[in-house]
Amino acid sequence: MQQPSPQYHRHRHLTRAEIRRRRTRRAVRRVGVITALLMVLALGVGFVSGRMGLPAASADSPPAGSLASSSAVTTPGASSAANGGSSAPAASEPAASSTPSAESILLGGMTPEEAAEMLADPLMVLVNHHTQMPEDYTFDTKECGSATAINKTLQTEAADAFLAMQAAAAADGVTVWMQSGYRSVSYQTTLYNNKTQQYLDQGYDEATARELAAGIVNPPGYSEHNCGLAADLNSPEFTALEEGFENTAAFAWLTEHAEEYGFILRYPKGEEAEAVTEITYEPWHWRYVGPENAARINASGLYFEQYIETLQKLAAQGA
Ligand SMILES: [Zn+2]
């Protein structure tokens with residue numbers, strides 16, 4: 001097993017086989033969720049129609065518009081049912097113009113305009129190993145790391161929020177340290193090139209060496225730490241950046257209070273979360289998005305990648 005580094009942690013990416021298995025299980029669960037969601041919508045439409053003295057739409061009277069055609073989380077099953085199946089009662093309900101879309105419901109009744117505004121918030125930037133940080137993404141940083149931290153800074157707003165959070169935890173008798181924050185792209189380049197070189201030295205060709213290195217160290221611009229909003233937290237109880245951190249008072253406190261200070265747990269536990277983030281559970285890695293965004297994201301129950309995808313689909317409905 002890998003040795004944890006006190007300076008920075010190495011994300012363990014899922015293997016392709018692991019990702020496939022998780023996706024399959026997720027797809028099965030998703031069909032259930034979509035069906036439930038569409039049925040709730042159908043009931044709502046039926047209720048409204050009933051109140052207006054109109055006959056409730058039924059599965060046997062295909063509507064003009066189909067709900068699933070604008071669904072955020074369209075599944076092959078749902079769209080084929082909507083496109084012609086009369087066997088799926090929920091999917092063939094009419095989508096009145098005043099009926100909120102599935103995305104809007106998932107996001108707590110948000111409008112397309114609000115979704116576009118939230119997407120434009122620099123604190124909502126998505127950085128993962130598929131999505132590079134935009135090159136024009138700039139920010140100021142401020143120190144907030146513990147004495148042993150190597151990368152001691154975060155974006156100024158995030159650093160201030162962390163310091164306020166740390167003080168609040170301390171008032172509750174809990175010590176939280178910021179162990180690894182902002183990593184510059186050039187620092188990330190050094191990490192990545194060193195790792196690539198190790199594989200080259202072992203006799204791998206360039207392409208293979210880079211791919212193997214990317215499985216351990218994110219390429220420059222693809223680590224959330226590059227955007228200054230990711231903070232690896234630990235505590236005197238447990239200084240390693242490892243899963244055991246979840247058993248600390250610091251983690252329990254963060255789970256309850258981090259949202260108030262604008263931080264969310266970025267790589268949650270469980271197969272479903274790991275299928276979405278493609279990163280194994282990291283109880284120490286917290287992401288600053290701001291208090292309002294954190295509350296909205298947590299309330300949705302969506303993981304960050306899903307939340308961004310749903311925002312994008314909702315914003316497109318207003319275009
Ligand atoms: Zn991290």
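Helix α6 (residues 185-201) has 17 residues, which at 1.5 Å a residue should span 24 Å, and its end C-alpha atoms do sit 24 Å apart, so the two agree. The expected span here is 1.5 Å times one less than the number of residues in the helix. Helices (DSSP H or I, at least four residues) and strands (E, at least two) are DSSP runs numbered from the N terminus. This is a predicted model: local features need pLDDT of at least 70, side-chain atom pairs count only at pLDDT 80 or more, and totals for chains, interfaces and linings use all residues. Residues are numbered from 1 along each chain as its sequence is written.

Staying with α6, its buried residues are Gln-188, Leu-191, Tyr-192, Lys-195 and Thr-196. They cover an arc of only 130° around the axis, which puts them on the same side of α6; the arc is that of the directions from the helix axis to the C-beta atoms. Buried means that 20 or more other C-beta atoms lie within 10 Å of a residue's own, exposed means 12 or fewer, and partly exposed is in between, with C-beta atoms placed from the backbone. An α-helix has 3.6 residues a turn, so residues three or four places apart point the same way. On the other side of α6, Ser-186, Asn-194, Gln-197 and Asp-201 are exposed. The buried residues pack against α7 (206-214), where contact means C-beta atoms, placed from the backbone, within 7 Å. After α6 comes Gly-203, with a positive phi near 100°.

Zooming out, the protein chain has 11 helices and 6 strands, and 36% of its 319 residues are buried. Among contacts between residues at least 6 apart in sequence, 71% join residues at least 24 apart. Leaving aside neighbours within four places in sequence, Leu-154 touches residues including Phe-162, Ala-231 and Tyr-288.

Next up is α11 (residues 304-317), whose 14 residues should span 20 Å at 1.5 Å a residue; its end C-alpha atoms are 20 Å apart, in agreement. Phe-304, Tyr-307, Thr-310, Leu-311, Lys-313, Leu-314 and Ala-315 are buried in α11, and the buried residues of this helix pack against α3 (102-106), α4 (112-120) and α10 (291-300).

Tyr-267 lies in the loop between β5 (263-265) and α9 and counts as buried because it has 23 C-beta neighbours inside 10 Å. Beyond four places in sequence, Tyr-267 touches Thr-277, Ile-279, Tyr-281, Glu-282 and His-285. Its C-alpha atom is 8.3 Å from that of Tyr-303, 36 residues apart along the chain. Glu-278 lies in the loop between α9 (271-277) and β6 (285-288). Its phi is positive, near 60°, in a residue other than glycine. Glu-278 is partly exposed, with 19 other C-beta atoms within 10 Å.

As for confidence, pLDDT (the predictor's confidence in each residue, from 0 to 100) averages 81 over the protein chain, and 69% of the residues score at least 70. Residues 1-8 stay under 50, with 11 contacts beyond four places in sequence. Residues 45-96 also stay under 50, and the model has 79 such contacts for them.

Note on methods
Two residues are in contact if their C-beta atoms, placed from the backbone, lie within 7 Å.
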